[in-house]
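Me: I'd like to learn how to read a few features off a model like this one. Can you walk me through them?

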Amino acid sequence: MKNKKTKLNNHKITYQGLTFDSKKECERYRELKMMLDLGLLIDLQRQVKYSLIPAKREPDYKDENGRKHKGKVIERECAYIADFVYKLPDGTTVVEDVKGYRSGATYAAYTIKRKLMLEKYNIQIKEY
């Protein structure tokens with residue numbers, strides 16, 4: 001395993017060619033992979049992106065040669081990236097986020113995204 005420190009004072013971990021944001025996330029992956037191998041879950045995915053609010057742009061325009069261009073981005077997309085998404089044998093989809101902290105500005109932003117996930121997709125994120 002290879003380590004690299006991140007902004008939240010955790011260490012990036014490389015395990016079997018995959019990079020994880022923390023040791024805790026890597027350990028959870030190993031647990032989920034074992035459950036996958038035992039048939040306790042299906043279709044394990046990592047880093048799944050959910051668009052919460054699309055980017056806002058100025059109107060598209062044509063240049064002097066008549067070529068169409070997309071308008072300038074006014075606000076970037078707001079997205080949530082799930083640590084893990086998998087299905088249970090009964091077909092239920094589970095979205096998991098591994099948290100090593102529950103305070104500060106980063107957690108406050110996550111809390112808003114968690115609420116938007118529930119509002120837009122009717123998905124309750126399981127915090128691990």
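Me: Let's start with R28: is it buried or exposed?

Reply: This is a predicted model, and what follows is computed from it. The cut-off for buried is under 20% relative accessible area. R28 has 7% relative accessibility, so it counts as buried. You'll find R28 in helix α1.

Me: Which residues does R28 touch?

Reply: Leaving out residues up to four places away in sequence, R28 touches F84, Y86, E96, V98, K126 and Y128.

Me: How do I read charged pairs, and which residue forms a salt bridge with R28?

Reply: Side chains of opposite charge can pair when their charged atoms come close. Here E31 forms a salt bridge with R28, and the closest N and O atoms are 2.9 Å apart. Both sit in helix α1, three residues apart, which is about one turn of the helix. E31 is partly exposed, at 32% relative accessibility.

Me: Which residues are linked with R28 in a network of salt bridges?

Reply: The network links R28, E31, E96 and K126. E96 forms a salt bridge with K126, with the closest N and O atoms 3.9 Å apart. That pair joins distant parts of the chain: E96 is in strand β10 and K126 in strand β11, 30 residues apart. E96 is buried at 0% relative accessibility, whereas K126 is partly exposed at 41%. Over the whole structure, the search finds 11 salt bridges; another one is K12 with D21, at 2.7 Å between the closest N and O atoms.

Me: What about strands? Which strands does β9 pair with?

Reply: In a regular strand the side chains alternate between the two faces of the sheet. In this model, β4 and β9 pair in the antiparallel sense over eight bridges, with K49 having I81 as its bridge partner in β9. β9 and β10 are also antiparallel, over four bridges, and F84 stands opposite E96 in β10. The hairpin of β9 and β10 has five residues between the strands, and G91 takes a positive phi near 95° there.

Me: Why is β9 largely enclosed?

Reply: Seven of its 10 residues are buried, so strand β9 is largely enclosed by the rest of the structure.

Me: And how many disulfides are there?

Reply: A disulfide is a covalent bond between the sulfur atoms of two cysteines. The count here is zero. Looking at individual cysteines, C26 is buried, with a relative accessible area of 1%, and C78 is partly exposed at 23%.

How values were computed:
Residues numbered from 1 in each chain as written. Predicted model: local features only at pLDDT ≥ 70, side-chain atom pairs only at ≥ 80, totals over all residues. Heavy atoms only, no water. Buried < 20%, exposed > 50% of the residue type's maximum accessible area, 1.4 Å probe, protein only. Helix = DSSP H or I, 4+ residues; strand = E, 2+ residues; numbered from the N terminus. Pairing = 2+ DSSP bridges. Contact = heavy atoms within 4.5 Å. Disulfide = S-S within 2.5 Å. Salt bridge = Lys/Arg side-chain N within 4 Å of Asp/Glu carboxyl O.
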